[in-house]
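Here's a walk through a two-chain model, going from the interface down to single residues. Have a look at the structure first, then read on.

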Amino acid sequence: MAYKPQYYPGTTSVGKNRRKHMSGDLEKLRDISDADVVTIMGHRAPGADYPSTHPPLAEMGEPDCPIRQIVTPTPGAAAGDRIRYSQFADSMYNAPAIPYFRSYWGAINCRGCDPGTLSGRQIIEARERDIEQYTKAQMDSEMNDVALSSMRGCTVHGHSLRLDEDGMMFDMLARTEMGSDGSVYYVKDQVGIPLDRKVNVGKPMSEAEVAKKTTIFRSDNISFRGDEGLIALHHMWERRSKWGFRPE
Amino acid sequence: MVTKSDTEPVQIEIFPRRFLNPETAQRLLDEIYRSEGVIRIMIQGPNLPRAIPYGPGKGIPIEEHKNLLLQLGEQALELRVKVGRIGLELESEEHIEGIRAACERTLPCSFNIKKRQLFHTKPTVSDYAKYGSEVDDKRILGLVDPKAKKDRNLAMLSDSRGDS
């Protein structure tokens, strides 16, 4: 019988969304072009060559190693790209993703990446052409709401603050703005350096929609107390307290 | 702003559900200023820096935060924060309803008004550092930003240690 991973317990919408994030089985909501993603990330100009830190692996003459024979390098590692990052902040007001589930998504679904989980932000590091692909996947999918999630390389706070009047997450560096057409535009890259042109990332979801898509338990939406996840957590806590977590 | 009164002053905090745009904050403060019985107003919220404070873009000006001004009566103040909460000291409790009505007229979102002690009654260390040991006008107590930069926000530093 083929192994089927069980990602997260619970029958609530939050439990289901958490399973979707972990499994990578996410709905694609928008299509932001590769060039726009690269522009917002700000590590290189769109269309420019990828700078490298070492020659392509094929030219390096790698040592005879069984692990190297088993593991196929990612495109970025094979080409010798630099390690770059993208970091997202998600509002606690029902943003679709939260740092832990961005990390689970990255660790489970993205090869050769290093996810870092912090209280109000989440960073993923990987080889440059790999991280661009992973960042685009995050921005295009239902993991992101353009008003409640935003790419912030530095000065990230906003997660735990109230929203602006227009429903956008507060940003001290004013990297994104709500256009008169109702779409959200990045006017600066992720570290706050102004862009030559605004990047349209689409319209935000409605409050009702984000409440359905969120992975955050909130007492004013889906409470943690009503979820099977809490029972599973108690079960694990009891087992590890009594027997040092030996599931057998 | 107002004259002395025989009634007991009260302190209230207006806490909107959303951060206020400078225009909304201006409208609300206009209404509050026109209301009777206001002794002190304090505006709080997250900092709006004039330049990127750190990271690769450190020092690049943030144009969106330039020239944000609040007009209060005859005085113009430079707005350095995103308005998140407004503290008020009122002459008496009967003025709270006027403030509540002003909030209902101007705020686009729901809000809470809580009555609590907001302003210091004794000088803090920051007050001492900036005003000296004796403060003539007690209304300024506790209104000093401890992080205030000397060249930017420090308006009253007593060289005479309160002897003047």
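## Where the chains meet

In this predicted model, 23 residues of chain B are in contact with 15 residues of chain A. Contact here means that the C-beta atoms of two residues, placed from the backbone, lie within 7 Å.

Some housekeeping: residues are numbered from 1 along each chain as its sequence is written, while chains are lettered from A and ligands numbered from 1 in the order in which they are written. Because this is a predicted model, local features need pLDDT of at least 70 and side-chain atom pairs count only at pLDDT 80 or more, whereas totals for chains, interfaces and linings use all residues.

## Chain A overall

Chain A has nine helices and seven strands; these are DSSP runs numbered from the N terminus, with helices being H or I of at least four residues and strands E of at least two. Its C-alpha trace spans about 55 × 55 × 30 Å along the principal axes.

Buried residues make up 40% of the 248 in chain A. A residue is buried if 20 or more other C-beta atoms lie within 10 Å of its own, exposed if 12 or fewer, and partly exposed in between, with C-beta atoms placed from the backbone. Of the contacts in chain A between residues at least 6 apart in sequence, 66% join residues at least 24 apart.

## Helix H6 and its surroundings

Which residues of helix H6 (99-109) of chain A are buried? They are Pro99(A), Phe101(A), Arg102(A), Ser103(A), Tyr104(A), Trp105(A) and Gly106(A). These buried residues pack against helices H1 (13-23) and H7 (128-140), plus strands S1 (83-90), S2 (113-117) and S3 (121-127), of chain A.

Take the H1(A) neighbour: H1(A) and H6(A) pack at an angle of about 35°, and their axes are 7 Å apart. Axes are lines fitted to C-alpha atoms, for helices over the stretch in contact, and angles run from 0 to 180 degrees between N-to-C directions. Arg18(A), His21(A) and Met22(A) from H1(A) meet Phe101(A), Tyr104(A), Trp105(A) and Ile108(A) from H6(A). By class, that contact has five nonpolar, one polar and one charged residues.

Why does Tyr104(A) count as buried? Because there are 22 C-beta neighbours inside 10 Å. Leaving out residues up to four places away in sequence, Tyr104(A) touches His21(A) and Met22(A). Tyr104(A) and Met22(A) are 82 residues apart in sequence, but 5.5 Å apart in space, C-alpha to C-alpha.

## A sheet in chain A

Three strands of chain A form an open antiparallel sheet in the order S5-S6-S7; strands pair if DSSP finds at least two bridges between them. The edges are S5 (176-178) and S7 (194-200) of chain A, each pairing on one side only. Three bridges join S5(A) to S6 (184-188) of chain A, and Thr176(A) has Tyr186(A) as its bridge partner.

## Chain B: strands and domains

Chain B has three helices and six strands, running β-α-β-β-β-β-α-β-α from the N terminus. Of its 164 residues, 18% count as buried. Four strands of chain B make an open antiparallel sheet in the order S2-S5-S1-S6, with S2 (38-44) and S6 (111-115) as the edge strands. Five bridges join S1 (10-16) of chain B to S6(B), and Pro16(B) stands opposite Phe111(B).

S3(B) and S4(B) form a hairpin with two residues between them, and Gly73(B) in the turn has a positive phi of about 60°. An automatic or database assignment gives domain 1 (10-119) and domain 2 (120-164) in chain B. Four residues of domain 1 are in contact with five of domain 2 in chain B.

Methods:
Ala, Val, Leu, Ile, Met, Phe, Trp, Tyr, Cys and Pro count as nonpolar, Asp, Glu, Lys and Arg as charged, and the others, Gly among them, as polar.
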